[in-house]
Amino acid sequence: MAAKSDVKAVLTERLRELHLPAFRECFSEEADRARKASSSYERYLLELADREAEARRQNRIERLLRASKLPAGKTFETFDMGRLPVKVASQVKVLSEGAFLERSENVLAFGNPGSGKTHLLSAIGHELVHLGHKVLFVACSLLVQELLVAKKELRLGRALKKFGKFDALVIDDIGYVQHDREEMEVLFTLLADRYERTSIMLTSNLPFSKWEQIFKDPMTTAAAIDRLVHHSVILELNLPSYRLEHSKASRKKPAQQEQGK
Ligand code: ADP
Ligand code: MG
C-alpha cells in the first residue's frame, strides 16, 4: 500500500493507465470539495464519472464535427429563421431533433440560388452532430467524381460502404453541374444503395420536373425521384436570394447616408 503522500502520485499514474483524463484532472480538487460538503464516497465518485462522461461526449462531438466536413459557420446561430415560411420553420424544428434518421427518411431542400438551402441543411447537420449522429457533407460534383474514380479502380462497393457508415449524407447542389451519363449512373447507384437504409439530405435549384437534365433518361430519373421521395420531408424555400437582398441593403446604406448629409 502506498504511503498517504504517495497516493496522489500513484493515483495520477493509474488514471493515466486507465485513460481517465477527467478523473485525473479533477480528483484532487473534487476530493477537497467533497470533504468540505461532507459528500458520500458514492457522490464523489459519481461527480468524477459525470465529468469523464461529459468530456468523452464533447470529444466525440468534436471528432464527428471534423469528420462531417460541414461548413463551419453555417449553423442556426448565424441563420435567420424569420426568413423561412412558417411551414418550413416548423419542419426544420422537428428535423433538428433527429428522429427522421431512425426512420431513414430523406430531406430534400428546393429553392432558387441564394435562398439558403445549403446554410439550412448545414445548420440541421450541425444539430444532428451535436446529438451524436454521424453526418457527412459533400458537394454533389465532388461526390460524383469520387464515385467515378472508385468505379474505374474497381472499388465502387467499398466507396459506397464508406458513405453508408454515415447516418446522414448531405449532398449539396444536385444538378448544378451537368454530368455525363456515366457520372450520373454512379450517383444513381449511390441513391439506390442508400434507399431505405440511411438518410440523404440534398439541396437542388432544380425542381423534380427538370431532373431529366440530371439523370439523362426518363426511366432513371423516375426511379431516382421515386426512391428519394418515398420516405422524405420536402423543404420548399421559395424565397428571394439572401445574398441579393443583403447586397442591395448594403448598397442602399451609403446612399441613404449621403442623402442625410
Ligand atoms: P443556396 O444554397 O440556396 O444557394 P446559401 O445557403 O448558400 O443558398 O445562402 C446564400 C448566402 O446567404 C450564404 O452566405 C448564407 O449563409 C446566407 N443566407 C441564406 N439564408 C440565410 C438566412 N435565413 N439567414 C442568414 N443567412 C442566410
Ligand atoms: Mg447552395
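Analyst: Five strands form an open sheet in the order β2-β3-β4-β1-β5, with parallel pairing; strands (E, at least two residues) and helices (H or I, at least four) are DSSP runs numbered from the N terminus, and two strands pair if DSSP finds at least two bridges between them. At the edges stand β2 (135-139) and β5 (232-237), each of which pairs on one side only. From one strand to the next the twist averages 15°. The model is predicted: local features need pLDDT of at least 70 and side-chain atom pairs pLDDT 80 or more, whereas totals for chains, interfaces and linings use all residues. Residues are numbered from 1 along each chain as its sequence is written, chains are lettered from A and ligands numbered from 1 in the order written, and side-chain values use heavy atoms, without hydrogens and water.

Within the sheet, β1 (residues 106-111) and β4 (residues 199-204) are joined in the parallel sense by four bridges, and Phe-110 stands opposite Ser-204 in β4. Helix α6 (residues 117-130) lies across β1, β2, β3 (168-172), β4 and β5, at about 160° to β4; axes are lines fitted to C-alpha atoms, for helices over the stretch in contact, and angles run from 0 to 180 degrees between N-to-C directions. Helix α7 (residues 140-152) also packs on the sheet, touching β2 and β3, where contact means heavy atoms within 4.5 Å.

Ligand 1 has oxygen atoms in polar contact (N or O atoms within 3.5 Å) with the protein: a polar side-chain atom of Lys-117 lies 2.7 Å from one oxygen atom, and a polar backbone atom of Gly-116 is 3.0 Å from an oxygen atom.

Notes:
Polar contact = N/O pair within 3.5 Å; in protein donor to acceptor, adjacent residues only side chain to side chain.
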